[in-house]
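Subject: Structure handover

Hi,

Here is the structure I promised to pass on. Please open it first, then read the notes below.

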Amino acid sequence: MATYYSEEHEWLTVEGDTATLGITKHAAEQLGDVVFVEQQEAGDEFEKGGEIGVIESVKAASELYAPVDGEIAEVNEALADNPGALNEDPEGEAWIYKIKLSDASQLEDLMDLDGYKALIG
């Protein structure tokens with residue numbers, strides 16, 4: 001299992017050809033109190049860089065962009081009832097999607113934890 005990070009403050013933990021995707025703790029802190037999460041549905045396909053959802057906080061709305069090509073295998077339905085979970089456990093229980101990777105080589109374009117820490121300073 002390996003974890004990757006995007007410049008858009010998302011994390012991907014990869015097992016086989018499936019990745020769990022969420023936002024980083026840093027992103028959750030920047031957003032402030034999350035009040036709504038707009039998610040796509042299981043079976044939706046997307047391309048790297050495409051919008052795959054919106055997170056609304058008391059401060060602003062932020063789009064989620066796909067860090068890789070893939071298909072949504074599972075949606076974390078719990079976020080509909082408790083969007084604030086993204087503030088409490090963004091890198092754990094408050095994952096957003098489980099996705100089936102289309103092209104695992106795209107993971108090479110993402111950062112490891114050290115690279116991400118350098119990005120956020």
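One definition comes first: buried means under 20% relative accessible area, exposed means over 50%, and partly exposed is what lies in between (1.4 Å probe, protein chains only). Accessible areas come from the Shrake-Rupley method with a 1.4 Å probe, and for residues only the protein chains shown count as cover.

Please note that this is a predicted model, where local features need pLDDT of at least 70, side-chain atom pairs count only at pLDDT 80 or more, and totals for chains, interfaces and linings use all residues. Residues are numbered from 1 along each chain as its sequence is written, and side-chain values use heavy atoms, with hydrogens and water left out.

Overall fold

The protein has four helices and nine strands. Both are DSSP runs numbered from the N terminus: helices are H or I with at least four residues, strands are E with at least two. In sequence order the pattern reads β-β-β-α-β-β-β-β-β-α-α-β-α. The protein is as compact as a globular protein of its length, because its radius of gyration is 13 Å, close to the 14 Å that the globule rule gives for 121 residues. That radius is taken over C-alpha atoms, and the globule rule is 2.2 Å times the number of residues to the power 0.38. Along the principal axes, the C-alpha atoms fill a box of roughly 35 × 35 × 25 Å. Of the 121 residues, 42% count as buried.

Surface patches

Patches are made of residues with over 30% relative accessible area and no salt bridge; like charges are joined within 9 Å, and nonpolar side chains (Val, Leu, Ile, Met, Phe, Trp, Tyr) within 5 Å.

Val-35, Phe-36 and Val-58 make a nonpolar patch of about 280 Å². Phe-36 sits in strand E4 (residues 34-39). Phe-36 counts as partly exposed because its relative accessibility is 40%.

There is also a negative patch. Glu-38, Glu-51, Glu-56 and Glu-63 form it. Lys and Arg count as positive and Asp and Glu as negative, while His and the chain ends are not counted. The place of a charge is taken as NZ of Lys, CZ of Arg, CG of Asp or CD of Glu. Glu-56 belongs to strand E6 (residues 51-57). With a relative accessible area of 31%, Glu-56 is partly exposed.

Salt bridges

A salt bridge is a side-chain nitrogen of Lys or Arg within 4 Å of a carboxyl oxygen of Asp or Glu. By this rule the count is two.

Asp-17 and Lys-100 form one of them, at 3.1 Å, N to O. This pair links distant parts of the chain, 83 residues apart. Asp-17 is in the loop between strand E2 (10-15) and strand E3 (18-23), and Lys-100 is in strand E9 (residues 97-101). Asp-17 is partly exposed at 39% relative accessible area. Lys-100 is partly exposed too, at 43%.

Lys-48 and Asp-109 also meet in a salt bridge, at 2.7 Å, N to O. Here too the pair links distant parts of the chain, 61 residues apart. Lys-48 is in the loop between strand E5 (45-46) and E6, and Asp-109 is in the loop between E9 and helix H4 (113-120). Lys-48 counts as partly exposed, at 38% relative accessibility. Asp-109 counts as exposed, at 54%.

A backbone detail

Which residue has a positive phi although it is not a glycine? His-9 does, with a phi of about 65°. Most residues other than glycine have a negative phi. His-9 is in the loop between strand E1 (2-5) and E2. At 23% relative accessibility, His-9 is partly exposed.

Some distances

These distances run from C-alpha to C-alpha. Gly-84 and Gly-121 are 25 Å apart in space and 37 residues apart in sequence. Gly-84 lies in the loop between helix H2 (78-81) and helix H3 (85-88), and is buried at 17% relative accessible area. Gly-121 lies in the segment after H4, and counts as exposed at 95%. Val-54 and Asp-112 are 24 Å apart in space and 58 residues apart in sequence. Val-54 is in strand E6, and is buried at 9% relative accessible area.

Best wishes
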